Amino acid sequence: MNTPFELGRRKVLLNKHTVQTLGFWGIRLVSLVTVLPILGIVVYIIAKGASAINWGFLTQMPYDGMRAGGILPAIVGTFYLMVGTSLFSIPLGIAAGIYLAEYAPETIWTRMIHIAIISLAGVPSVVYGLFGLGLFVLFFQFGISILSASLTLSIMTLPVIISTTEESLRSIPYSFRVVGLSLGGTQWQGIRKIILPQALPGILTGIILGLERAVGETAPILFTGATFFLPRLPHSPMDATMALPYHIFVISTQVPGMPIEIQYGTVMVLMVFVLGMNLVASLIRSRVRAKRQW
Amino acid sequence: MRNSSEKWITRSIQIAGSSSILFLLLIFLFLLREGLSTLGEVPISKLLAVRWYPIEGLFGILPLISGSLIVTIFSILIALPLGVGTAIYIGEIAPRSVKEILKPMVEVLAGIPSVVLGFIGILVLSPFLRRALDLPTGLTALSGAVLLALISIPTIVSIAEDALYAVPNTYRDASYALGASHWQTIWGVVIPAARSGILTAVMLGIGRSLGETMAVMMVTGNAPTIFSGLSSFIAPVRTMTATIASEMGEVATGSTHYHVLFFIGIILFIFSLVINISSSSAIRKRGEKKGQVVS
């Protein structure tokens, strides 16, 4: 099987092994082109941002129109948003995942739930922002607040948590369920005492990945909870808040004369935070794979 | 006692199970509630016009749709070969050790917030493209497309790799037994067998690009222009998402401008719905994975 190959005016016959070698190198090159920017971005930001990071930068309020001082309110705001998102999305997401894996019958309704989850996962983040504005900020009159933003982010995070919960529950062998029932337990007792503990690492991975996305998102909080500048920390869930991703947008596009070190420093804080979560999730996953005995 | 609490828990789990349908409906409902009155306030002919200039009451959304399409198509042209190529490398060629490094790295890219990519876009990519192509500004559709490619690559890689993985090994063995090389097997057997999954990967990548907001808003220059040939790729554009994100903060609630922004949201929502539902049924037909939510 030789492939004719035009080279200049001469027709060259390429041996299939030559084609393979060329092809493999092409694919390797493509992969390299994909991976290099990733490495480049991470290394570049750490290299540029590290010098701005010090204790004061992380724990001080900004001053002088945010051109000096630290980024404490943005860090705290992002933390609050993460906690708020967890409070709502984790219990609901796990419950929905349990339903789909353990209770749901094979019906059209269940298929519709799956389609809804896939659709929710694909809704653009800015549309979540519009939805949060319409429902939480205006209709429920929560105002531009941590509460509105957290609820908006929760719904965005939900599909990730539901589907990873469902997937990790489904990976538990059927015999585990039979054992629970044969010992005289109810279905729920079996789930809570036997199935859930086994599936916990997988669920945890899903939660971390979902929250990681929520923490890094800007568009859903633009009109639901983020504020340009707040000279103090938020006092209650009804306060608007600064948040790291929105703060990066603000200082890189909206504030003229922003010192470049502060910009890189802020980006680095967010990136390290998000990638740290990513790392924890991968560690949990690989540990579980190594320990699994069935 | 045990029975009544069991019943209660089962009931709440069932309700939670259906919550995603409720939320999807709520999203649609509230978009319609705030956006549908556009049709009463702005005549269709004015809406489907080529000038977006809200201060003067010009709400032509064609340049925004055109902007979104330009950036998305261009980004997919970049992301398709890179993403599918990387998936082929990870799934079919790379030795185990390389695979163990590559996969987490692609996941890292999925984890980088889009605002961080936008930031890099402003400070590194745009100045570079401006100098390299000798443009008046680096904030162009091209810059946006490059960032969008980075954003959709993780989705494409992970779903395309799943699709390759789902091809049974017997196919490969049969091909080798016929004397085909590894490379011929990949091109002639594995990729054709996985094509519906790869198509899904690309569709979902398009979905990601179309819906992406921050990175695009930061680097595309935000000029609402209509497509006018190849030069549009290296000129500033404005996407639907960027328009909503940059203007919603400044409009009065209940104004026409406000309603039109929600109307654009409805268009985006329907686009994403069509892309996701059609690609998920494509997966289902092949009896492969149920759906891919985590990229």
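1. Helices α5 and α6 of chain A. The crossing of α5(A) and α6(A) is right-handed; a crossing counts as left-handed if the near helix is turned anticlockwise from the far one by less than a right angle, and as right-handed if clockwise. Helix α5 covers residues 125–139 of chain A and helix α6 covers residues 146–170 of chain A; their axes come within 9 Å and cross at roughly 135°. The α5(A) helix is therefore oblique to α6(A). Angles under 35 degrees count as roughly parallel, over 145 as roughly antiparallel, 65 to 115 as roughly perpendicular and the rest as oblique. The axes are lines fitted to C-alpha atoms, for helices over the stretch in contact, and the angles run from 0 to 180 degrees between N-to-C directions.

2. Basis of the model. This is a predicted model, in which local features need pLDDT of at least 70 and side-chain atom pairs count only at pLDDT 80 or more, while totals for chains, interfaces and linings use all residues. Residues are numbered from 1 along each chain as its sequence is written, and chains are lettered from A and ligands numbered from 1 in the order in which they are written. Helices (H or I, at least four residues) and strands (E, at least two) are DSSP runs, numbered from the N terminus.

3. Residues between α5(A) and α6(A). On the α5(A) side, the contact is made by A:S125, A:Y128, A:G129, A:F131, A:G132, A:F136 and A:V137. The α6(A) side supplies A:S148, A:L151, A:T152, A:I155 and A:M156. Two residues are in contact if their C-beta atoms, placed from the backbone, lie within 7 Å. By class, the residues of this contact of α5(A) with α6(A) are seven nonpolar, five polar and no charged. Here Ala, Val, Leu, Ile, Met, Phe, Trp, Tyr, Cys and Pro count as nonpolar, Asp, Glu, Lys and Arg as charged, and the others, Gly among them, as polar.

4. A:F131. This residue is found in helix α5 of chain A. A:F131 is buried, with 27 other C-beta atoms within 10 Å. The classes are buried if 20 or more other C-beta atoms lie within 10 Å of a residue's own, exposed if 12 or fewer, and partly exposed in between, with C-beta atoms placed from the backbone. Not counting residues up to four places away in sequence, A:F131 touches A:T152, B:I27, B:F30 and B:L31. A:F131 and A:R192 are 61 residues apart in sequence and, C-alpha to C-alpha, 34 Å apart in space.

5. Helices α7 and α8 of chain A. The axes of helix α7 (residues 174–182) and helix α8 (residues 187–216) of chain A come within 9 Å, crossing at roughly 150°. The pair α7(A) and α8(A) is therefore roughly antiparallel. The crossing of α7(A) past α8(A) is right-handed. A:F176, A:R177, A:V179, A:G180 and A:L181 of α7(A) make the contact with A:Q189, A:G190, A:I194, A:I195 and A:Q198 of α8(A). Among the residues of the contact of α7(A) with α8(A), five are nonpolar, four polar and one charged.

6. Contact between the chains. In the model, 75 residues of chain A are in contact with 72 residues of chain B. Helix α1 (residues 16–49) of chain A gives the most to the side of chain A that touches chain B, with 17 residues. That side of chain A has 52 nonpolar, 19 polar and four charged residues. The model scores ipTM 0.91 and pTM 0.91.

7. Chain B overall. Chain B has 14 helices and two strands. Its C-alpha trace spans about 75 × 70 × 35 Å along its principal axes. Of the 295 residues in chain B, 51% are buried. Among contacts in chain B between residues at least 6 apart in sequence, 76% join residues at least 24 apart.

8. Two residues of chain B. B:T38 lies in helix α3 of chain B and counts as buried, with 22 C-beta neighbours inside 10 Å. Leaving aside neighbours within four places in sequence, B:T38 is in contact with B:H259, B:V260 and B:F263. The C-alpha atoms of B:T38 and B:V260 are separated by 5.5 Å, although the two residues are 222 residues apart along the chain. B:P43 lies in the loop between α3 (38–41) and α4 (44–47) of chain B. With 11 C-beta neighbours inside 10 Å, B:P43 counts as exposed.

9. Confidence in chain B. The pLDDT, the predictor's confidence in each residue from 0 to 100, has a mean of 89 in chain B, and 94% of the chain's residues reach 70 or more. Over residues 286–295 of chain B, pLDDT stays under 50. Where pLDDT is low, the predicted coordinates should not be read in detail.
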